[in-house]
Amino acid sequence: MDKFHLVITGRRNTGKSSIVNTILQQDKAVVSPIAGTTTDPVKKSYEIPGVASVVLIDTAGTDDEGELGELRVKKTFETIRQADAALLVITGNRFGHFEEILTEEFQKLKLPFLIVHNKSDLEPLQEQLREKLLQKYGTPVIGFSTCQAKREMLIQKIGTLVNRQNSSSLLGDLVCPGQVVMLVTPIDSEAPTGRMILPQVQMLREILDRHGIGIVVQPEEITTYFQRNSLRPDLVITDSQVFGKIAPWIPQDIPFTSFSIILAHHKGNFDRYLAGTSRIPELKDGDRILLLESCSHHVSCEDIGRVKIPALLRKYTGKQLEFDHIAGLDRIERPITDYALIIQCGGCMITATQLRHRLQPAIDARIPVSNYGMTIAWLQGIFDRATQVFTCYRPNPSV
């Protein structure tokens, strides 16, 4: 499950940072009676037991002033566009222009939000205002004070936002209790030292949560496994970059896909990826392709996005292609219409909301979009096999 990003917004000096500290029960965010203490977005992680890991994002007040203030407000709105939900903090029963701008942005982004009337020990929330906002926005409006014992109530309300936005699982209904899933995890120069990459860890946890049986092997051990074991996997999930190598070793009757393709299905835009990948044969000499990575990392000669995919595309198409690469959520500098194809990595380091907003300009411009795993599967001739697990295969719960 993705970390759930909750952005905390409102005017200056409404106590946004104090709310963060109250939730964390630690003095992590700097607080001061001076308006504008928080300048850049500040992220803090918090685990809601049994619900999710939440990233609390404290932001600058949207009523900030001056040249620097305008830049801070701009950064706040950029942060809102990358969040999964929001808290709008008000005080003194004041709900005016700045709050309306924020709620308009939330509604445009279809972002669920709570309205928190802070410092209610000094001035209680008026019932008339509560009813007015509830009728207008259909969202809870709660009175709160960091000086009163209402922390658990606020956390419970945040939990309802998480459950509304973050209820789907990685494997969906692909794995039933007792079924065997083989994870193929190559250890090469791109593998992090002493640990597994995030999608592999997420998949293992999901298998355990579903009371499945996980088998983890490197590609070189697959044939040995099938020779020495009668326990056949019900599903094989592999790193996309070894698709072509191991496909012949996996019996045709065993469903077979990749970490990247599962992430693509989990985070949305799956049908767009299917359609966009099929446009690869239409690439022409001079076409420019954008590869979007969700993280920053050391680049080696085995890098999947910067080395392997470009080489495979040039070989498959026989065309002179140009490639741009952007890591994390950095700005796309070129006009999106400069690109003939956009290929997104699995996106394990960003949320589904962030990935959706990342790709939306390309989708709006009718530019084909694909995914690392789908692109590699297409280029190696196993696209239908690698994607049919989400269109044809359903496990037998009685197995």
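Two residues count as being in contact when heavy atoms of theirs lie within 4.5 Å. Keep that in mind as we look around this model, which is a predicted one.

## What the interface is made of

So how much area do domain 1 and domain 3 bury between them? It comes to about 660 Å², with 37% of that on carbon and sulfur atoms.

There are some polar links here too. Three residue pairs are in polar contact between domain 1 and domain 3, counting pairs with both residues at pLDDT 80 or more. The interface of these two domains also has one salt bridge.

## A charged pair

Now for a salt bridge you can look up in the structure: R331 pairs with E78. The closest N and O atoms of R331 and E78 are 3.7 Å apart, and the cut-off for a salt bridge is 4 Å.

## A helix with a buried face

Next, take a look at helix α10, which runs over residues 270-277. Which of its residues are buried? They are F270, Y273, G276 and T277. Looking down the axis of α10, you'd see these buried residues fall within an arc of 130°, so they line one face of the helix.

And what covers them? The cover includes the helices α9 (259-267), α12 (352-364), α13 (372-379) and α14 (383-387), along with the strands β13 (341-344) and β14 (369-371).

Note on methods
Residues are numbered from 1 along each chain as its sequence is written. This is a predicted model: local features need pLDDT of at least 70, side-chain atom pairs count only at pLDDT 80 or more; totals for chains, interfaces and linings use all residues. Side-chain values use heavy atoms; hydrogens and water are left out. Buried means under 20% relative accessible area, exposed over 50%, partly exposed in between (1.4 Å probe, protein chains only). Helices (H or I, at least four residues) and strands (E, at least two) are DSSP runs, numbered from the N terminus. The arc is that of the directions from the helix axis to the C-beta atoms. Buried area is the accessible area (1.4 Å probe) that two parts lose on being put together, summed over both. A salt bridge is a side-chain nitrogen of Lys or Arg within 4 Å of a carboxyl oxygen of Asp or Glu. A polar contact is a pair of N or O atoms within 3.5 Å; within protein, one must be able to donate a hydrogen and the other to accept it, and residues adjacent in sequence count only if both atoms are side-chain atoms.
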